[in-house]
Amino acid sequence: MIQVEHLVKTFDGFKALDDTNLHVKKGAIYGLVGPNGAGKSTLIRHLTGIYRQDEGEVRIKGESVFENADIKGKIAYIPDDLFYFLQADTLEMKKFYKGLYPTFDVELFEKIRDAFPSINPKRSIRRLSKGMQKQVAFWLAISCRPEILILDEPVDGLDPVMRRQIWSLILQDVTEYGTTVLVSSHNLRELEDVCDHVGIMNQGKVMIERSLSELQGSVCKIQVAFQSEMPKLPEDFEVLHMINTGRVYTLIVRGDAKRAKEQLKALDPMLIDVLPLSLEEIFIYELGGADYAVKDILF
């Protein structure tokens, strides 16, 4: 559905995107994560046809995106920094969106109106709070019935109940209509609940691109205790991080959890247990050695 190959974009000598590759399948919910300055928003602006690439290809459904009105008509985009016409209210923006999107569903717009009870559709959107403006953006975007929904920090400023409500509407669209969703966010815990594929960006490149299950299988956390100090580990046992409290050691290990557990069992431990790893922990330990500020993805 979405294909980015060897994408390069330079601003005043700074290479914001450096041979970037990205692949999103139809009907996937793809989480794009990375520290500030990694190039996520710049990549998204290429996917939505705002920027023209210096080199490489940006294709959606096999077609180039830039200056392609037909392809853009299949994409709904919610940026981190929202824009609405001066003094426009939600109903006026609905007419505007309806003129842009042939697929705009007026019945759906009315049907999901109850999902946004705090919104007065006749009130100027610029007079609403940031969180309420985000709600309007989702209300309009979902009503467009897009084939592709691209979200940049989508639920920033929303309360937990509204976040759950919006993700419920998006997941329903994915299930019923096969909508493809690409979401860029710093909230890794939230992405873990909704995404099936993840791309990790750093310094203008997508460094890792895998299904969430594959990513979770690449790193494991094991708690182990020995009668005395930790014995010598096998040479091919790659420990990314280790802490201990007395005789109990917690290891972050690269590789398959089952194999790692079998290797530790051979060292005759008192106890051994495999613990679940969050997407946030995978991000930190998988790429913690890379030259970037890990603190930027914590919250």
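**Sheet, helices and selected residues of a predicted model**

At 63% relative accessibility, Glu67 is an exposed residue. The model is predicted. Glu67 sits in the loop that links β5 (63-64) to α2 (69-72). Its phi is near 55°, a positive value, and the residue is not a glycine. Asp12 also has a positive phi, about 50°, without being a glycine. This residue lies in the loop between β1 (2-11) and β2 (14-24). Asp12 is exposed because its relative accessible area is 86%, and exposed means over 50%.

The next element is a sheet. Six strands form an open sheet with mixed pairing. Their order is β6-β7-β8-β3-β9-β10. The edges are taken by β6 (75-78) and β10 (205-211). Each of these has a single partner strand, so one side of each has no neighbour in the sheet. From one strand to the next, the twist averages 15°. Within it, Ala76 has Leu149 of β7 as its bridge partner.

Helices pack on this sheet. Helix α1 (residues 40-47) touches β3 (29-33), β6, β7, β8 and β9 (197-202). The direction of α1 makes about 155° with that of β7. Helix α5 lies across β6 and β7. Relative to β6, α5 runs at about 175°.

Ser184 belongs to strand β8 (residues 180-184). Is Ser184 buried or exposed? Its relative accessibility is 0%, so Ser184 counts as buried. Its contacts, leaving aside neighbours within four places in sequence, are with Leu32, Lys40, Ile44, Leu151, Asp152, Glu153 and Pro154.

Helix α5 (residues 130-143) also meets helix α3 (residues 90-100). Two packed helices are described by the angle between their axes and the distance between the axes. Here the axes come within 10 Å. They cross at roughly 35°. The crossing of α3 and α5 is right-handed. Which residues make the contact? From α3 come Thr90, Met93, Lys94 and Tyr97. From α5 come Val136, Trp139 and Leu140. By class, five residues in this contact are nonpolar, one is polar and one is charged.

An α-helix has 3.6 residues a turn, so residues three or four places apart point the same way.

Terms used. Residues are numbered from 1 along each chain as its sequence is written. This is a predicted model: local features need pLDDT of at least 70, side-chain atom pairs count only at pLDDT 80 or more; totals for chains, interfaces and linings use all residues. Side-chain values use heavy atoms; hydrogens and water are left out. Axes are lines fitted to C-alpha atoms, for helices over the stretch in contact, and angles run from 0 to 180 degrees between N-to-C directions. Helices (H or I, at least four residues) and strands (E, at least two) are DSSP runs, numbered from the N terminus. A crossing is left-handed if the near helix is turned anticlockwise from the far one by less than a right angle, and right-handed if clockwise. Contact means heavy atoms within 4.5 Å. Ala, Val, Leu, Ile, Met, Phe, Trp, Tyr, Cys and Pro count as nonpolar, Asp, Glu, Lys and Arg as charged, and the others, Gly among them, as polar. Buried means under 20% relative accessible area, exposed over 50%, partly exposed in between (1.4 Å probe, protein chains only). Two strands pair if DSSP finds at least two bridges between them.
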